[in-house]
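Have a look at the model first, then read on.

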Amino acid sequence: MKLLTCFVCAFFILSMSPLLSQTNYNESQVPSFEVPDPLTTFKGKKIKSVKKWEKTRRPELLHFFENSVYGKIPKTLKIDSYNILEQDNNALNGKAKRKQVELTFKNNGKTLSYTILLYLPKNIAKAPVFLGYNFYGNHTITEDKAVLISSAWANNNESFQIENNTLTEESRGKRTNRWAVEKILEAGYGLATIYYGEVDPDKNDFSDGVHSLLYDRNQEQPKPDEWGSIAAWSWGMVRALDYFEKDADIDASKVIAFGHSRLGKTSLWAGATDQRFAGVISNDSGCGGAALSKRKFGETVGRINTSFPHWFCDNFNQYSDNEEALAIDQHQLLALIAPRPLYVASAAEDQWADPRGEFLSAHYASSVYNLYGKKGIETTDMPKINEPVHNTVSYHIRTGKHDVTDYDWENYIKWANAFVK
Ligand code: GTR
């Protein structure tokens, strides 16, 4: 009996271990581990040419991330129709062209729609565009009264006066601080944004959002190797890019995927899975984004899978508190973006996202960029705070907390001018 009790206790402790493991913020307690080489195949073959990388190594890495981290999309789902809900060629006091475009998808007798808010510079025939999701609705990124309010489910937020999971006029403009719309337009770029909750509400429920459009008969949730919410959000960015190819005001060959935090994990996965994205920005994306998982610094795989069981595919659970078993690490996700320009950014007070792990990841991805003759992050010495390093792979750590600031945008624009435009 005693033995049985012990056994039950041990089982309970083990099953709860992701919750119990202490968060490490101490560099000296980072475990030593071997960084998996992007340029050595799983079978141990060295990759020495772009051709071999593209034919052998890139596909096997992509396959691993698809099957064991983010989950694969079960079937192709293309735009059924799009509808320009609203357009004004003199928006923002005459500074921009505004469009609100609804994309609609149909399958299994179900329909999903989401709306892209576009601000485009007026004086440019075909504009390069930053595309990124927002957390609380398109109307939160601007004071512009013409921006439509989403009726999709939203997380409550007391300081934004969002109650009953419903977005209202009260939250208009609450997130203008994160979107440097004027700076972006003045630099000759457009901005496209989508409320992520319209693609898949951010809760552990797979009956809503895009997933259910692709279920087999009697299926109620994704299979262990099928897409979680991050892959669903990435899919939404890819379909937006499909629309951009049809919009004469946009240069679809110069679309930069941008995202902050969970939506930075999303922009990275979108850029990895669709090579039409001309560049990718990861702002404070942390665990499951740019940060190396094997460092177990700040948020860990176990913590993220426990707090957000719907973000990754179920197969990813086997690495909870078991990062050493991973055959890959997140720098190899970054390497999948090569040779396209990539910007990884951190914030000094955002230790939960492991700034050093994000930086090292950009460094270890750089061998693949070098193979293409591009310069990445060539050293393991982190730059000083507010001293950006701009190459095809760029990195900065700024002062302040987990957020998107004008400083971040100023640097993204500089990098985009130099490497994307
Ligand atoms: C945190 C989560 C992070 C990050 C963040 C965000 O709670 O632990 O991985 O994604 O949310 O998206 O704001």
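A search of the whole structure turns up 33 salt bridges, where a salt bridge is a side-chain nitrogen of Lys or Arg within 4 Å of a carboxyl oxygen of Asp or Glu. Before going further, a word on the ground rules: this is a predicted model, so local features need pLDDT of at least 70 and side-chain atom pairs count only at pLDDT 80 or more, while totals for chains, interfaces and linings use all residues. Residues are numbered from 1 along each chain as its sequence is written, and side-chain values use heavy atoms, with hydrogens and water left out.

Side chains of opposite charge can pair when their charged atoms come close.

| Pair | Closest N and O atoms |
|---|---|
| Lys95 and Glu182 | 3.2 Å |
| Lys99 and Asp247 | 2.9 Å |
| Asp274 and Arg276 | 2.7 Å |

Take the salt bridge of Lys95 with Glu182. Lys95 sits in the loop between helix 3 (91-94) and strand 2 (96-107) and Glu182 in helix 4 (residues 181-186), so the pair ties together parts that are 87 residues apart in sequence. Helices (H or I, at least four residues) and strands (E, at least two) are DSSP runs, numbered from the N terminus. Both partners get some cover: Lys95 is partly exposed at a relative accessible area of 42%, and Glu182 is partly exposed at 44%. For these labels, buried means under 20% relative accessible area, exposed over 50%, and partly exposed in between (1.4 Å probe, protein chains only).

Now for Lys99, which forms a salt bridge with Asp247. This pair links distant parts of the chain, with Lys99 in strand 2 and Asp247 in the loop between helix 5 (229-244) and strand 6 (250-260), 148 residues apart. Are these two buried or exposed? Lys99 counts as buried at 6% relative accessibility, and Asp247 is buried too, at 5%.

The salt bridge of Asp274 with Arg276 has one buried partner, Asp274, with a relative accessible area of 11%. Arg276 is partly exposed at 27%.

**A lysine patch**

Over on the surface, Lys45, Lys48, Lys51, Lys52 and Lys55 gather in a patch of positive charge. Patches are made of residues with over 30% relative accessible area and no salt bridge, with like charges joined within 9 Å and nonpolar side chains (Val, Leu, Ile, Met, Phe, Trp, Tyr) within 5 Å. One of these lysines, Lys55, belongs to helix 2 (residues 50-70), and it counts as exposed at 67% relative accessibility.

If you're checking torsions, start with the peptide bond from Ala338 to Pro339, which is cis, with omega near 0°. Pro339 is in the loop between helix 8 (330-335) and strand 8 (342-347).

Then there are residues other than glycine with a positive phi. Asp321 has phi near 55°; it lies in the loop between helix 7 (301-307) and helix 8 and is partly exposed at 31% relative accessibility. Asn386 has phi near 65°. Its place is the loop between helix 9 (355-371) and strand 9 (393-398), and at 32% relative accessibility Asn386 is partly exposed.

Technical notes
Areas by Shrake-Rupley, 256 points an atom, 1.4 Å probe, with all protein chains shown as cover. Lys, Arg positive; Asp, Glu negative; His and termini not counted. Charge placed at Lys NZ, Arg CZ, Asp CG, Glu CD.
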